[in-house]
Amino acid sequence: MKNILKILSFFVTVAFYMYFVFFLFMVLSCIVSCKSKQPVKEIHTVEKTIEKQKDSTSVTKISNAIIDSLKVKIAEIKTAKPECDSITNAKIQELLSQIEVSKTSGDNEIGFYYDQIKKMLVAYAKTGQSTNKETNTNNVTKETEKDNLIKEIPVQFTPKWVKILAGLGVLFIIFLVWRFSKIFR
């Protein structure tokens with residue numbers, strides 16, 4: 001009977017060590033496989049940017065007001081017959097005194113008249129200040145393409161519950177080794 005018990009205890013011990021080695025092999029393979037290097041993911045993106053710019057230049061020309069006049073002195077006619085001269089001069093004075101023209105538009109005015117006292121034709125012009133504004137607009141469209149290469153490196157993450165279970169497994173194995181060491185002494 002003692003021999004049978006010794007043989008039986010021997011087989012139990014061998015079986016225990018085989019299971020222990022198998023369990024350690026499984027734990028180590030899980031740990032090693034979790035730590036294996038994961039491939040780097042590459043993401044290739046093309047970014048297209050379109051910029052629109054509006055540029056304008058403005059040129060303003062200001063012309064000042066102009067006041068101008070022209071005076072033409074009308075001389076009396078003198079010929080060999082003084083009686084004809086006086087009639088002719090009187091008729092010319094009468095015709096010239098009828099001349100009086102004036103046009104006005106905004107700040108601009110132009111006129112023509114005969115000054116009987118000074119005996120002269122007067123033409124005058126008054127031009128108001130003028131402003132010319134010229135605006136040039138340039139539209140510029142600029143396209144830019146940017147090539148991005150993003151490398152994603154995965155972070156190794158072991159969940160907390162896996163660590164707790166692994167710790168409990170290690171404690172259980174230590175407990176079994178301690179317990180079987182007491183039995184086989």
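Where is I174 found? I174 lies in helix α3, residues 160–183. Helices here are DSSP runs (H or I, at least four residues), and strands are E runs of at least two, numbered from the N terminus.

1. Basis. This is a predicted model, where local features need pLDDT of at least 70, side-chain atom pairs count only at pLDDT 80 or more, and totals for chains, interfaces and linings use all residues. Residues are numbered from 1 along each chain as its sequence is written, and side-chain values use heavy atoms, with hydrogens and water left out.

2. Nonpolar patch. W161, I164, L165, L168, V170, L171 and I174 make up a nonpolar surface patch. Together they have about 750 Å² of accessible area (Shrake-Rupley, 1.4 Å probe). Patch members have over 30% relative accessible area and no salt bridge; nonpolar side chains are joined within 5 Å. I174 counts as exposed because its relative accessibility is 51% (exposed is over 50%, buried under 20%, partly exposed in between).

3. Salt bridges. The whole structure has two (Lys or Arg side-chain nitrogen within 4 Å of an Asp or Glu carboxyl oxygen).

4. K119 and E76. These side chains meet at 3.2 Å, N to O. The pair links distant parts of the chain, 43 residues apart. K119 sits in the loop between β4 (108–115) and β5 (120–127). E76 sits in the loop between β2 (66–73) and α2 (82–97). K119 is partly exposed at 29%, as is E76 at 46%.

5. E94 and K91. Their closest N and O atoms are 3.8 Å apart. The two are three residues apart in helix α2, so about one helical turn separates them. E94 is partly exposed at 40%, and K91 is partly exposed at 48%.

Note on methods:
Patches are made of residues with over 30% relative accessible area and no salt bridge: like charges are joined within 9 Å, nonpolar side chains (Val, Leu, Ile, Met, Phe, Trp, Tyr) within 5 Å. Buried means under 20% relative accessible area, exposed over 50%, partly exposed in between (1.4 Å probe, protein chains only).
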